[in-house]
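Thanks for coming, everyone. Let me put the sequence and the structure on the screen, and then we'll walk through them.

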Amino acid sequence: MKDNSGKVMLALLAGASAGVIAGLLMAPDTGEQTRTGIKKWANKLSKDLEKNLQTGLDEIKNMSSEAMNKMGGANKNGGNTGGNASSSSTGSTGSSAGGSNVTNV
């Protein structure tokens, strides 16, 4: 079965656009009043969008700093165990590769 979701969305967008244009053309207000109303609506929408984006950005920053704090706390509590294991294994293989069998006491 074909996925027609793209076609449906395009038809929905075209219908909404046609409705907006028809509404503007048949509006009882004069052109100047209509433009003033659109400007007010656009300014309000812009301010609301800016406020919402700033709120979202602040929330992302808070979540990021909380995650970094948790990561920092894990490293302080012994969360980093990879460094010690690799340094001990290189010490034992380094002496045999050189050809001399010296044992550190």
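Let's begin with the surface. The chain has an accessible surface of about 9,500 Å². Carbon and sulfur atoms account for 61% of that. Keep in mind that this is a predicted model.

How much of the chain is buried? Of the 105 residues, 1% are buried.

Now the secondary structure. The chain has three helices and zero strands. Read from the N terminus, the order is α-α-α. Helix α1 covers 5-25, and α2 covers 31-79. Helix α3 takes in residues 82-97.

Next, confidence. The average pLDDT over the chain is 77. A score of at least 70 is reached by 68% of the residues. Which element has the lowest mean pLDDT, and which the highest? Helix α3 is the lowest, with a mean of 46. Helix α1 is the highest, at 88.

On to the nonpolar patch. Which residues form it? They are Val-20, Leu-24, Ile-38, Trp-41 and Leu-45. Together they have about 500 Å² of accessible area, and they sit on the surface. Two helices, α1 and α2, supply at least two residues each. Helix α2 gives the most, with three.

Now a buried position. Thr-34 is also a residue of helix α2. Is Thr-34 buried or exposed? It is buried, because its relative accessible area is 17% and the cut-off for buried is under 20%. What does Thr-34 touch, leaving aside neighbours within four places in sequence? Its contacts are Leu-24, Ala-27 and Asp-29.

Last topic: charge pairing. Side chains of opposite charge can pair when their charged atoms come close. How many salt bridges does the count give? One. The partners are Asp-48 and Lys-44. Their closest N and O atoms are 3.0 Å apart. Where do the two sit relative to each other? Both are in helix α2, four residues apart, so about one helical turn separates them.

And their exposure? Asp-48 is partly exposed, with a relative accessible area of 34%. Lys-44 is exposed, at 52%.

To recap. The salt bridge joins Asp-48 and Lys-44. Thr-34 is buried. Helix α3 has the lowest mean pLDDT among the elements. That's it from me.

Key
Residues are numbered from 1 along each chain as its sequence is written. This is a predicted model: local features need pLDDT of at least 70, side-chain atom pairs count only at pLDDT 80 or more; totals for chains, interfaces and linings use all residues. Side-chain values use heavy atoms; hydrogens and water are left out. Patches are made of residues with over 30% relative accessible area and no salt bridge: like charges are joined within 9 Å, nonpolar side chains (Val, Leu, Ile, Met, Phe, Trp, Tyr) within 5 Å. Accessible areas come from the Shrake-Rupley method with a 1.4 Å probe; for residues, only the protein chains shown count as cover. A salt bridge is a side-chain nitrogen of Lys or Arg within 4 Å of a carboxyl oxygen of Asp or Glu. pLDDT is the predictor's confidence in each residue, from 0 to 100. Buried means under 20% relative accessible area, exposed over 50%, partly exposed in between (1.4 Å probe, protein chains only). Contact means heavy atoms within 4.5 Å.
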